[in-house]
Amino acid sequence: MVTRLPVTQLKASNFGLNSFIFGNKDVCKFGYFSRNSASQHKLSFKLVGAQGKRWKLNDIDTNAVQERINSWLSKTQHFLTEVTLPLVKTGHSGKPDPGNEVDTQDMEEIFLGDQTIPSSMPNGNLSLVAIVSIEQFSRMNGLTGQKMQKIFKALVPKPVYDDARNLVEYCCFRFLSRDAIDLHPCLKEPAFQRLIFITMLAWENPYCDKNDLHACASRKVSFQGKLVGEEAFSRIAPAISGVADRPTVHNLFKALSGDEQGISLRVWLTYIDELLKVHEGRRSYQIHEYPQLSEERILCIGSSRKRPVLKWENNMAWPGKLTLTDKALYFEAVQFQGQKDAIRLDLTGHGLQVKKVKVGPFNSGVFDSGVAISSGPGSQTWVLEFVDLGGELRRDVWHAFISEIITLHKFLSEYGPDDDDQSLFQVFGSHKGKEKATTGAVNGIARLQALQFMRKLLDDPIKLVQFSFLKNAPHGDVVFQTLAVNYWGGPLVSEVTDAGYQRAQGMSPSEEVFEISDHVFDIGGSVYLRKWMRSPSWGSSASISFWKHTSIRQAVVLNKNLVVADESLVERAAAICKQKYQAVEKTRATIDAAKLQGIPSNIDLFKELILPLTITARNFEKLRRWEEPHLTLSFLAFVYTIIFRNLLPYVFPMALIVLATGMLTLKGLKEQGRLGRSFGKVTIRDQPPSNTIQKIIAVKDAMRDVEHYLQNLNVTLLKLRTILLAGQPQV
């Protein structure tokens with residue numbers, strides 16, 4: 001049973017975010033207060049004057065009266081603010097303080113007020129956070145919690161209704177379905193940010209457990225120690241426009257949670273705050289930096305003294321300002337007499353490639369902090385270096401930015417119809433598909449920027465942008481297909497198939513007829529036309545198997561992105577991709593863990609560790625054999641100079657100084673990110689599987705190598721003994 005619910009645009013209700021409703025004595029009341037609010041709310045009123053005496057106007061201190069009135073007004077305003085605000089606030093401001101390490105101790109408590117929904121459900125008693133979420137979203141929808149519950153009960157069968165988690169989803173998703181813009185407008189409200197966090201807690205724990213019985217009985221609970229898990233975050237966060245996307249939401253959770261088991265309220269508020277700052281900064285870029293780029297959206301600008309961007313050309317590095325838009329890269333080189341005109345690199349063409357490279361003077365490749373963008377052999381290649389004095393991930397972040405834009409346009413050309421395709425007029429809203437896909441990539445880059453400012457990035461930032469992540473992910477092609485259906489799919493417009501339209505376009509009726517059975521349908525009834533399926537991935541076995549099982553169970557479809565009690569197509573494909581990707585990562589981890597098992601692997605590790613000593617010994621051997629006479633003569637002259645100039649006492653201190661200088665240089669280059677994260681790591685090649693006989697032979701070969709090394713060591717020691725004793729060697 002699938003129910004499609006038409007959503008009506010409602011005006012702001014009196015039961016909104018800033019409402020507080022007082023009922024009669026039979027109705028519970030709820031609101032929010034701080035722990036220290038009890039003492040703050042004790043208002044003391046005193047009359048001026050003393051008992052038994054009349055007032056004298058001359059004895060009244062006007063300044064004291066003014067201060068007392070101002071104090072009363074301030075306390076009254078504070079009291080009304082706390083009463084009218086139905087959601088918790090931080091103790092100091094409505095915005096999170098990223099520098100505040102104590103997130104839960106300063107959070108205010110939440111307690112119930114006008115509860116219209118019964119706490120008892122078929123599967124248990126509702127938790128406090130579930131009641132708050134249901135009641136608040138119901139009021140934002142213009143109804144009460146009890147009315148929303150009755151509507152939901154009439155829409156779904158009893159098994160779906162009995163699960164309180166589905167009721168939480170319905171109240172939340174119904175409000176979120178009213179806005180489908182790039183970034184949900186309510187995110188700017190601190191109360192809404194906290195309501196979403198409460199909803200994620202409610203989705204995760206819709207019922208009162210044994211640990212929360214006291215809180216449910218006292219109608220009061222604190223956020224202290226509350227963490228949102230991955231499953232709840234992956235379900236609620238992508239439903240909010242701009243906060244997350246389905247394919248990469250699990251990676252976003254890993255980045256935000258870090259070493260913790262979940263996401264705290266402080267981290268959630270900080271993330272939303274940084275995300276809003278990124279979007280606000282983009283609007284200022286569009287106005288102040290490049291007002292002439294009206295057809296392109298400026299995403300980020302790389303230019304600062306501490307974090308310069310260098311463009312390498314003809315073994316020269318030119319600093320400048322790099323600007324990334326949704327279609328191109330712009331670079332303005334800085335000169336002594338000002339700036340050059342910006343040069344443009346189009347990112348919408350075919351064959352574009354971006355990769356991480358090492359840069360340096362004379363193609364030395366000593367700095368592992370560059371990115372190369374090329375459109376094929378023989379074409380112009382941009383080599384950019386991203387110097388970062390604060391870390392080494394800036395290059396990786398910009399690589400993800402550029403890769404996401406390039407992959408976006410590859411996706412548009414492979415899965416989307418052409419701009420001049422007349423069939424776009426046959427599907428309602430399909431002409432906005434390109435804009436929707438671009439918005440998805442743009443929001444992904446904004447989230448990556450927010451995480452960069454929070455310093456909560458993964459080892460590979462490309463996992464946090466959906467198009468680049470899906471390009472190499474298992475089952476990624478099927479997720480691309482569901483995204484294409486989501487972006488370009490829509491209801492068929494019957495008016496466009498009449499004869500008048502066909503004659504106006506100069507096309508025959510047979511050319512306008514499509515076989516409905518060949519099209520792809522979304523769960524909301526949207527149609528993706530057969531002629532748009534140009535990608536070879538549509539014919540793969542994984543794609544055919546997925547689209548054969550796209551029917552949904554008993555659910556409420558609010559739109560093709562929001563489905564109550566079930567998953568949308570994008571969510572379902574992303575879940576399969578996540579499972580397969582986790583299997584691949586587990587396989588890689590198993591291989592990495594098995595690298596050091598066995599004697600051959602340990603021998604390889606030993607060879608890697610003594611590689612610097614081996615290289616030094618080989619160079620001395622070349623000097624001893626006079627393979628390069630000019631180097632040998634120079635070395636002997638240097639040694640004789642040290643000996644005859646009596647500089648031997650200074651050799652050891654100078655060696656230590658040189659070693660310390662080299663270590664500091666390497667440390668500085670690594671902090672700037674110019675040596676790469678792989679610098680200094682030891683890599684052991686995977687050994688082929690072997691049986692018992694092969695292992696015995698390997699042990700025999702290893703013993704033979706040890707015997708050979710011992711023979712050479714004995715010969716060397718014998719030579720030294722002969723030189724010291726000034727005699728002939730005797731055995």
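**Pockets, cysteines, confidence**

Start with the lining of the largest pocket: by class, 18 residues are nonpolar, 19 polar and 11 charged. On the classes: Ala, Val, Leu, Ile, Met, Phe, Trp, Tyr, Cys and Pro count as nonpolar, Asp, Glu, Lys and Arg as charged, and the others, Gly among them, as polar.

Ground rules next. This is a predicted model, where local features need pLDDT of at least 70, side-chain atom pairs count only at pLDDT 80 or more, and totals for chains, interfaces and linings use all residues. Numbering runs from 1 along each chain as its sequence is written, and side-chain values use heavy atoms, with hydrogens and water left out.

Back to that largest pocket. It holds about 1400 Å³ of space. Its lining has 48 residues, and closest to the centre are Ala 180, Lys 436, Asn 486, Lys 560 and Asn 561. Two or more lining residues come from each of helix H13 (433–454), helix H15 (476–488) and strand S18 (555–559). H13 gives the most, 6 residues.

How are these terms set? A pocket is an open set of points on a 1 Å grid over the protein atoms alone, where a 1.4 Å probe fits, with protein on both sides within 12 Å along at least five of seven lines; lining residues have an atom within 4 Å of a point. Points are joined across faces, edges and corners, and the volume is the space filled by probe spheres set on them. Helices (H or I, at least four residues) and strands (E, at least two) are DSSP runs, numbered from the N terminus.

Now the second largest pocket, at about 740 Å³. Of its 20 lining residues, Ile 610, Thr 614, Tyr 709, Asn 712 and Leu 713 are closest to the centre. Which helix gives the most to this lining? H24, with 12 residues. The lining divides into 12 nonpolar, 4 polar and 4 charged residues.

Cysteines. There are 0 disulfides (a pair of cysteine sulfur atoms within 2.5 Å).

Last, confidence. Residues 4–57 fall below 50, with 102 contacts (heavy atoms within 4.5 Å) beyond near neighbours in sequence. Residues 79–108 also stay under 50. Where pLDDT is low, predicted coordinates should not be read in detail.

Terms used:
pLDDT is the predictor's confidence in each residue, from 0 to 100.
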